[in-house]
Amino acid sequence: MIPDERQSLALHQKYGSTERIVKHCQTVTRVSAILSDALAARGKAIDARATLAGALLHDIGRTRTQTIEHGYVGASMLEQEGVDGIVVEIVRRHVGAGISSEEAASLGFPRGDYIPRTLEQKVMCFSDKMVSSDTVRPFEEEVDRFQRKGHDVDRLKKLKEDVAEALGEDPERLIFSTS
């Protein structure tokens, strides 16, 4: 099942998501919709329904943990709910700019690669990086945050490059001209 907006919000309610989590997810969904629509208009194969469901549900794991584990925790919750695997993987792979299998092992995560690989995963992950709380902000602010925290800035920049290449233009410019 790829949950629609009503079903996604019902899952948030079922698991006790705060209003802050839901508003953040809704903002990320709006950004993901802008990018998905633009990609589809350019003839790119993207499952917009799955991308938007993943965006709306990406932080449901925060009802169980506020750590970087929330991605795979949320993915597990959604698997138990019978949510389609494409959405589950979007949720699993959205943390940071992705987490390699080596990093995952050192963090004690279940074995696996958590780097966004598909266009749906990349669009949603990038959209999440463009949103702080429920505010769309410049990408450079996320780059600065990654640098302060010692995260992989190159992987973050590559994420934006991948989305820009698929779009044929700067996704940030598109987001701010549309929103």
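Visitor: Is Arg 62 buried, partly exposed or exposed?
Guide: This is a predicted model, so keep that in mind. The relative accessible area of Arg 62 is 25%, and buried would need under 20% while exposed would need over 50%. That makes Arg 62 partly exposed.

Visitor: Which residue does Arg 62 pair with in a salt bridge?
Guide: Look for a partner whose closest N and O atoms are 3.6 Å apart.

Visitor: How many residues apart are Asp 170 and Lys 160?
Guide: Their side chains meet in a salt bridge, 3.4 Å from N to O. The pair links distant parts of the chain, with Asp 170 in the loop between α9 (153-167) and α10 (171-178) and Lys 160 in helix α9. The separation is ten residues.

Visitor: Which helix holds both Glu 19 and Lys 23?
Guide: These two form a salt bridge, with the closest N and O atoms 3.1 Å apart. Glu 19 is exposed at 55%, while Lys 23 is partly exposed at 38%. They sit four residues apart, about one turn, in helix α2.

Visitor: What is phi of Ser 133 near?
Guide: Most residues other than glycine have a negative phi. Ser 133, in the loop between β1 (131-132) and β2 (135-136), has a positive one. Its phi is near 60°.

Technical notes: Residues are numbered from 1 along each chain as its sequence is written. This is a predicted model: local features need pLDDT of at least 70, side-chain atom pairs count only at pLDDT 80 or more; totals for chains, interfaces and linings use all residues. Side-chain values use heavy atoms; hydrogens and water are left out. Helices (H or I, at least four residues) and strands (E, at least two) are DSSP runs, numbered from the N terminus. A salt bridge is a side-chain nitrogen of Lys or Arg within 4 Å of a carboxyl oxygen of Asp or Glu. Buried means under 20% relative accessible area, exposed over 50%, partly exposed in between (1.4 Å probe, protein chains only).
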